[in-house]
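Work through the following exercises with the sequence and the model side by side. Each task is followed by a solution that goes step by step.

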Amino acid sequence: MASSLTLNDLLEPRVEMHGPASPSMIFTADGEHPTAVLTRSELRRRALGVAIRLLPAASRDARALLAFPTGPEFFPAFFGCVYAGIIPAVVQAPRNSEALRRMEGIARECGASLVLTCQAIADRVDVLEPGFWRRTALQPVIVDGSEPVSGASEPPYRPDPYGLAYLQFTSGST
């Protein structure tokens, strides 16, 4: 196989090469016993489901924050952005007001209009700062348990191998 040129190229051929039921991600609580398994075909189907949901919400090359706890929900959201042509920027799921301000600053810096997250994090944001979503004009997109798309066979967007794939913000100490 030729070297991969895009993030799509990392996911797409592996479903065919390794089989749809082969594990893509295995999550453990203790490093040994699996708590969740995401197969290659499930990751692809769920990512396509996220991409289809994102298409009416944002245009190609729009920025979206991804704010998830550690777990399997992050990966369909990340690849769903890539499949939809939206540039993801991973942020720490806000646990307190300081982390919420940091998320808001990153959204402003990169021009994000969407925040892909799970319901628990969106609810936490509402508790930390009621009215946050309205005040910041950030649109939360809840993707935990996104329905896999059964009819979609191809990602709606084919990324430019030389284009921006994702944004990474650091604290400056990494």
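The secondary structure of this protein comes to six helices and seven strands, where helices (H or I, at least four residues) and strands (E, at least two) are DSSP runs numbered from the N terminus. The model is predicted, so that local features need pLDDT of at least 70 and side-chain atom pairs count only at pLDDT 80 or more, while totals for chains, interfaces and linings use all residues. Residues are numbered from 1 along each chain as its sequence is written, and side-chain values use heavy atoms, with hydrogens and water left out.

**Exercise 1. Describe helix H2 and its surroundings.**

Solution. Begin with the length: H2 covers residues 40–54, and its 15 residues reach 21 Å from first C-alpha to last, close to the 21 Å expected at 1.5 Å a residue (the expected span is 1.5 Å times one less than the number of residues). Next, consider burial, where buried means under 20% relative accessible area, exposed over 50%, and partly exposed in between, with a 1.4 Å probe and protein chains only. Eleven of the 15 residues of H2 are buried, so the helix is largely enclosed by the rest of the structure; among them are Arg40, Arg44 and Arg46, as well as Leu48 and Leu54. Finally, look at Thr39, which lies in strand S2 (residues 34–39) and counts as buried because its relative accessibility is 18%. The side chain of Thr39 reaches the backbone nitrogen of Glu42 at 3.1 Å.

**Exercise 2. Identify the residues with the most contacts inside the largest nonpolar core, and the elements that supply it.**

Solution. A nonpolar core is a set of buried Ala, Val, Leu, Ile, Met, Phe, Trp, Tyr and Cys residues joined through side-chain atoms within 4.5 Å. The largest has 28 residues, and those with the most contacts inside it are Leu54, Leu66, Phe68 and Leu116. H2, strand S3 (63–68), helix H3 (74–84) and strand S5 (112–117) each supply at least two residues of this core, and the largest share, eight residues, comes from H3. Apart from this core lies another, of 18 residues, including Leu65 and Trp133.

**Exercise 3. How many disulfides does a search of the whole structure find?**

Solution. With a disulfide taken as a pair of cysteine sulfur atoms within 2.5 Å, the search finds zero. As for individual cysteines, Cys81 is buried at a relative accessible area of 0%, and Cys118 is buried at 8%.

Key
Polar contact = N/O pair within 3.5 Å; in protein donor to acceptor, adjacent residues only side chain to side chain.
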